[in-house]
Amino acid sequence: MHVTTSNKTSNHKELSMEQMEDLLQVLKARFEKNMNRHIGLEWANVQAKLEANTEKLWSLNEMEKTEGEPDVVEYDKTKDEYIFYDCSTESPKGRRSLCYDREALESRKNHKPENNAIDMAATMGIELLTEEQYRALQKLGNFDMKTSSWVQTPSDIRKLGGALFCDRRFGHVFIYHNGAESYYAARGFRGSLRV
């Protein structure tokens, strides 16, 4: 199910009451269908956090709109925060064909993609998964068996023009490198959000 965007300008990161209710229903159904991702957590507590943080709901709506299928994967007791990851089986369809970051986008002379992963994530209010987070996600299921996802790239690799991406093939999680300016129809990015 796709959740519609707010009619307000893009500067307003708010949803209408109806949009919030629709999104909460989608998130609750996904939460209850995938209890293995968050054993011991209760939806009522997650919902209370979400209702107290409407800007985070806006970000989750953006994740949902781009087909990321966000779900709770962890609870950070020290910070009292629920952590959502994109849990779509393949890299989110609405976030593919992106190079890694703005510098990579601007370095392309021809055939530029419409956007880049780092800027798009920032606009959505989320962060790209780290390699560690990506590997943790893969312990919850089989993801990116036909696609791949950009992950946060260490600065020393990025300074040399590279960027990292991951996928699952042959029953294993692989990390690879590519030129940061590259983009493919089967590569997007997965995000994380703390609420």
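The tour goes from a sheet to an arginine and then to a leucine. This is a predicted model, in which local features need pLDDT of at least 70 and side-chain atom pairs count only at pLDDT 80 or more, while totals for chains, interfaces and linings use all residues. Residues are numbered from 1 along each chain as its sequence is written, and side-chain values use heavy atoms, with hydrogens and water left out.

**The sheet.** Select the four strands (DSSP runs of E, at least two residues) that form an open sheet of mixed pairing in the order β6-β5-β4-β7. Because β6 (172–179) and β7 (187–189) stand at the edges with a single partner strand each, one side of each is left without a neighbour in the sheet. Then show β4 (residues 148–151), which pairs with β7 in the parallel sense over three bridges, where pairing requires at least two DSSP bridges; the bridge partner of Ser148 in β7 is Arg187.

**Arg168.** Next select Arg168 in strand β5 (residues 162–169), which is buried (under 20% relative accessible area, 1.4 Å probe, protein chains only).

**Leu98.** Finally, select Leu98, in the loop between β2 (81–86) and α4 (102–107), which counts as buried because its relative accessibility is 5%. Leu98 and Pro113 are 15 residues apart in sequence, yet their C-alpha atoms are 5.8 Å apart in space.

Methods. Buried means under 20% relative accessible area, exposed over 50%, partly exposed in between (1.4 Å probe, protein chains only). Lys and Arg count as positive and Asp and Glu as negative; His and the chain ends are not counted. A salt bridge is a side-chain nitrogen of Lys or Arg within 4 Å of a carboxyl oxygen of Asp or Glu.
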